[in-house]
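Hello,

Here is the structure I promised to pass on. Please have a look at it first; my notes follow below.

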Amino acid sequence: MEPMNIAPLAKALAIGLGAIGPGIGIGMIGSKAMEAIGRNPEASGKVFVPMLIASAFAEAIAIYALVIAFSIK
Amino acid sequence: MATNNLEHSEITEVTTEANESVSHEATLYAEPIAHIGSFEVTNSLFTTWLVVLVVLLISLAIRLKIKQIPRGFQNFFEFVIEGAMNLADSVTGNKKITAKVFPLAFTIFLFVLINNWFGILPLGGFGIIEMTEHGKAFIPFIRSGTADINTTLALGLVAVIGSNIFGIMSIGVWKMFNKYVNLKAFGEMIKKVRKEPAVLISAPIMFFVGILELVGEFAKIASLSFRLFGNVFAGEVLLMAMGAILAYILPLPFIGLEIFVGLIQAFIFSLLTLVYFTIAATDHEAHDDKHTEHEHSKEVVHAT
């Protein structure tokens, strides 16, 4: 039997599994921000920037996974 | 759109006819399109030059015709800058810091934004065909500068090193040094050990927190550069893949998505630059003192 190249599988698993956590995290940040805006629509401007910053930090974790996925040869 | 899809159909051809046709794959690195001596001019570099030219022309066009009472073009940009200034004020919370950092942050914003949008312009069909070991390959002239890790790494380095220099300028070398290599904590250990022995434990912890911050600076560079690169590059791959599935129609909504992602990523990059500069300019010690005072007053209230 020919040896199978499982590097693509490793790449897919790295980014796929690595994106789960940040995905949930960004979803929670977004839902809480919506909730906050729903309760106090006037605060939407104040909520928006911290929300973006928080989701940028959550997203950074997915980017680590992306880097690993890229670096698997 | 049409030119973009030319490339996409080429991808599908590659899969069917192996190496006979002209292939174009999304490569991680930018591809060279010309040589000046031994210097390789990659398509990302070329696009970056174009973007610099565009930014230069816009700013010159506004600067040369600047008027007291704004009209048309100038009016639009005054509106944009005023909005951005207000947003920056809400991030830094200090008008003085905003006035110093805003020019850099907004320049980064414009540069990244135009770079991101250049990559999805329907100019992807212009390029050269080169012979490689896998047969003929198509190399487009236009590739977002930000879809090249070198550009984003350079921007990340500018943001983080710039924030540290700004920190030194605003709170001094010694305080900035103590943020990372906390010698002050050990100094306090000797000074305060008689009064509160707990400082024997807390000072080494403070020292290691400082080391962690130092590592954090490198993590900042990595996350800034890879976030931008990852998003823009993944966008290009996404558009190509969608075009390969069903040309013309399927990529349309994704192009809308990419326009939005380009804006958001440019916004986040400049916002984080502002945040890093603000953090660097604030004095940890003063903040901590206020915090402990606050806690003390709380305890007093509890006691009474």
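The contact between the chains takes 13 residues from chain A and 18 residues from chain B. Keep in mind that this is a predicted model.

The interface

About 1300 Å² is buried between chain A and chain B. Carbon and sulfur atoms give 83% of that area. On the chain A side, three residues stand out: V49(A), L52(A) and F70(A). They supply 35% of the area that chain A buries against chain B, more than any other three residues.

The rule finds one salt bridge between chain A and chain B. Its partners are R227(B) and E59(A), whose side chains meet at 3.4 Å, N to O. The side of chain A that touches chain B has 12 nonpolar residues, no polar ones and one charged residue. Two residue pairs are in polar contact between the chains, both at pLDDT 80 or more.

Salt bridges overall

Over all chains, the search finds five salt bridges. One of the salt bridges lies within chain A, between K32(A) and E35(A). Their closest N and O atoms are 3.7 Å apart. Why do K32(A) and E35(A) sit about one helical turn apart? Because they are three residues apart in helix α1 (residues 7-39) of chain A.

The largest pocket

The largest pocket has a volume of about 850 Å³. It is lined by 31 residues. The closest to its centre are V80(B), I81(B), F106(B), F109(B) and L110(B).

Which helices build this lining? In chain B, α2 (43-64), α3 (73-92), α4 (95-119) and α9 (251-281) each supply at least two residues. The largest share comes from α3(B), with 11 residues. By class, the lining of the largest pocket has 25 nonpolar residues, five polar and one charged.

The cavities

The whole structure holds two cavities of 30 Å³ or more. The second largest cavity has a volume of about 90 Å³. Its lining is made of chain B residues:

- N116(B), G119(B) and I120(B) are among them.
- S144(B) is also in the lining.
- V232(B), G235(B) and E236(B) belong to it too.
- E258(B), V261(B), G262(B) and Q265(B) complete the list.

The elements that give two or more residues to this lining are α4, α8 (199-245) and α9 of chain B. Of these, α9(B) gives the most, with four residues. The lining of the second largest cavity divides into three nonpolar, six polar and two charged residues.

Best wishes

Key: Residues numbered from 1 in each chain as written. Chains lettered and ligands numbered in written order. Predicted model: local features only at pLDDT ≥ 70, side-chain atom pairs only at ≥ 80, totals over all residues. Heavy atoms only, no water. 1 Å grid on protein atoms, 1.4 Å probe; cavity = no way out; pocket = protein on both sides within 12 Å on 5 of 7 lines; lining within 4 Å. Points joined across faces, edges and corners; volume = space filled by probe spheres on them. Nonpolar A, V, L, I, M, F, W, Y, C, P; charged D, E, K, R; others polar. Contact = heavy atoms within 4.5 Å. Buried area = accessible area lost by both parts, 1.4 Å probe. Salt bridge = Lys/Arg side-chain N within 4 Å of Asp/Glu carboxyl O. Polar contact = N/O pair within 3.5 Å; in protein donor to acceptor, adjacent residues only side chain to side chain.
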